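Here is a short report on one chain. Start with the sequence and the structure, then read on.

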Amino acid sequence: MAIILFDDSAHLSLRPLTYTRPVADLRIGILTIAEKWANHPDTTYSFQTQPYLQAKFPIKSGTDDLYINGSVCPDEALVEAINQLKTGEALKQGEFLIAAKAPTDADFSRVINYDPSFVSIKYPEHIFSKNDIELRKDFKLLTKGRTSAAISATNVIIGTDFFAEEGATAECSTFNTTNGPVYLGKNSSVWEGTNIRGSFALCHDSQVKMGGKIYGATTIGPYSRVGGEINNAVIWGYSSKGHEGYLGNAVLGQWCNIGADSNNSNLKNNYAEVKLWDYTTGRFRKTGLQFCGLIMGDHAKCGINTMFNTGTVVGVSANVFGAGYPRNFIPDFARGGAHGFEVYTIKKCSRQLIWYLSGRIAYLTKKSRRY
């Protein structure tokens with residue numbers, strides 16, 4: 001049996017984050033949603049996504065396939081209910097299709113209503129606002145029955161929910177797990193003078209630079225480097241926020257770069273509800289949140305001393321620079337800042353991407369030689 005993780009309307013409402021990936025390829029907690037499902041049933045998974053993404057994320061179907069909504073995060077009760085589905089049956093909560101033992105466009109022979117609550121994501125802000133729940137679940141899933149690797153005695157660990165994978169290193173840093181677990185992935189590194197408060201995950205081959213100040217619920221994806229002050233943020237991977245500056249209540253995609261001393265606001269000065277740009281409606285949408293900072297799509301960059309206002313959405317491959325506050329919505333492939341924007345052409349984008357990838361490849365090659 002193969003699991004096929006399908007996109008529903010959340011693929012539209014989660015943009016710009018889902019322009020470049022299926023919904024189930026989003027990271028929330030320590031793992032992506034797809035990786036969570038792979039760690040529950042011992043089986044393969046693939047994606048049923050948008051036609052332009054399907055070549056990169058091909059469907060691997062077989063007989064008696066199990067279709068699961070890619071926006072849904074698993075838990076023990078939900079996994080048990082899905083595993084009990086028979087061919088032709090579907091699991092729903094109201095009109096929301098959770099899973100089916102048949103293609104999602106089929107006429108189901110039986111619909112089973114599922115009452116318990118579960119975690120699903122529909123909007124970008126759900127990723128950071130629900131990250132603590134998923135980080136704790138993933139920590140238990142990944143560390144159950146295992147013993148943490150040893151780290152240097154120069155560190156101070158407060159509490160017991162600390163786990164380091166093989167090759168993880170840290171020196172002269174503090175890890176406070178009394179408010180949530182702390183997880184250090186394989187070959188990750190925490191440099192001297194860092195203070196980390198859980199819940200927190202540093203995924204494999206990533207680094208926290210000297211003097212970093214990180215609060216829960218924060219996830220740093222693989223092959224990333226961070227520094228400065230970070231609070232309740234999710235960085236998916238291959239990205240850099242390596243310098244001083246504040247990042248809070250935020251989501252950064254892959255291959256993003258935050259310039260030195262850049263900051264985002266996560267609270268309006270009148271304490272009002274924050275609105276975010278909604279690609280589906282083409283207007284700003286109420287989030288119901290008082291704290292909401294920055295949403296940044298893949299390959300987006302900002303120059304030094306960039307100031308992002310509360311509730312800013314930055315599109316895929318945008319390049320933001322210059323003095324002053326840029327507007328709260330920066331479209332995909334936009335280039336500029338508070339002074340105005342122009343279209344960031346594919347030719348310019350490609351040159352910068354090649355330059356950036358060359359630098360990252362050189363760094364990773366040099367790092368691998370040390371091991």
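Tyr238 is partly exposed, with a relative accessible area of 25%. Buried means under 20% relative accessible area, exposed means over 50%, and partly exposed lies in between (1.4 Å probe, protein chains only). Tyr238 sits in the loop between S19 and strand S20 (240-241). Its phi is near 55 degrees, a positive value in a residue other than glycine.

This is a predicted model: local features need pLDDT of at least 70, side-chain atom pairs count only at pLDDT 80 or more, and totals for chains, interfaces and linings use all residues. Residues are numbered from 1 along each chain as its sequence is written, and side-chain values use heavy atoms, with hydrogens and water left out.

## Another positive phi

Asn232 belongs to strand S19 (residues 229-237). Helices (H or I, at least four residues) and strands (E, at least two) are DSSP runs, numbered from the N terminus. Asn232 is not a glycine, yet it has a positive phi of about 50 degrees. Asn232 is buried, at a relative accessible area of 13%.

## The whole chain

The chain has seven helices and 33 strands. Its C-alpha atoms fill a box of roughly 60 × 50 × 45 Å along the principal axes. For 371 residues, a compact globule would have a radius of gyration near 21 Å, and the chain agrees with 21 Å. That radius is taken over C-alpha atoms, and the globule rule is 2.2 Å times the number of residues to the power 0.38.

Buried residues make up 53% of the 371. The chain exposes about 16300 Å², and carbon and sulfur atoms supply 53% of that area. The areas come from the Shrake-Rupley method with a 1.4 Å probe; for residues, only the protein chains shown count as cover.

## Helix H4

Which residues of H4 are buried? In this helix (residues 76-83), they are Leu78, Val79, Ala81 and Ile82. Seen down the axis, the buried residues fall within an arc of 165 degrees, so they line one face of the helix. The arc is that of the directions from the helix axis to the C-beta atoms.

Their cover includes helix H2 (33-39), strand S3 (66-69), strand S4 (89-93) and strand S5 (96-100). At the start of H4, a side-chain oxygen of Asp75 comes to within 3.2 Å of the backbone nitrogen of Ala77.

## A hairpin

Strands S24 (residues 275-278) and S25 (residues 283-286) pair in the antiparallel sense over four bridges. Pairing requires at least two DSSP bridges between two strands. Trp277 stands opposite Phe284 in S25. Four residues lie between the strands, and Gly282 in this hairpin takes a positive phi near 75 degrees.

## A proline and its contacts

Pro326 lies in the loop between strand S30 (319-320) and strand S31 (329-330). At 4% relative accessibility, Pro326 counts as buried. Beyond its neighbours within four places in sequence, Pro326 is in contact with Met307, Phe308, Val320, Gly337, Ala338 and Phe341. Contact means heavy atoms within 4.5 Å. The C-alpha atoms of Pro326 and His339 are separated by 7.8 Å, at 13 residues apart along the chain.

## Two cis peptide bonds

The bond from Arg15 to Pro16 is cis, with omega near 15 degrees. Pro16 is in the loop between helix H1 (10-13) and H2. The bond from Gly198 to Ser199 is also cis, with omega near 5 degrees. Ser199 lies in the loop between strand S13 (195-197) and strand S14 (200-202).

How values were computed
Polar contact = N/O pair within 3.5 Å; in protein donor to acceptor, adjacent residues only side chain to side chain.
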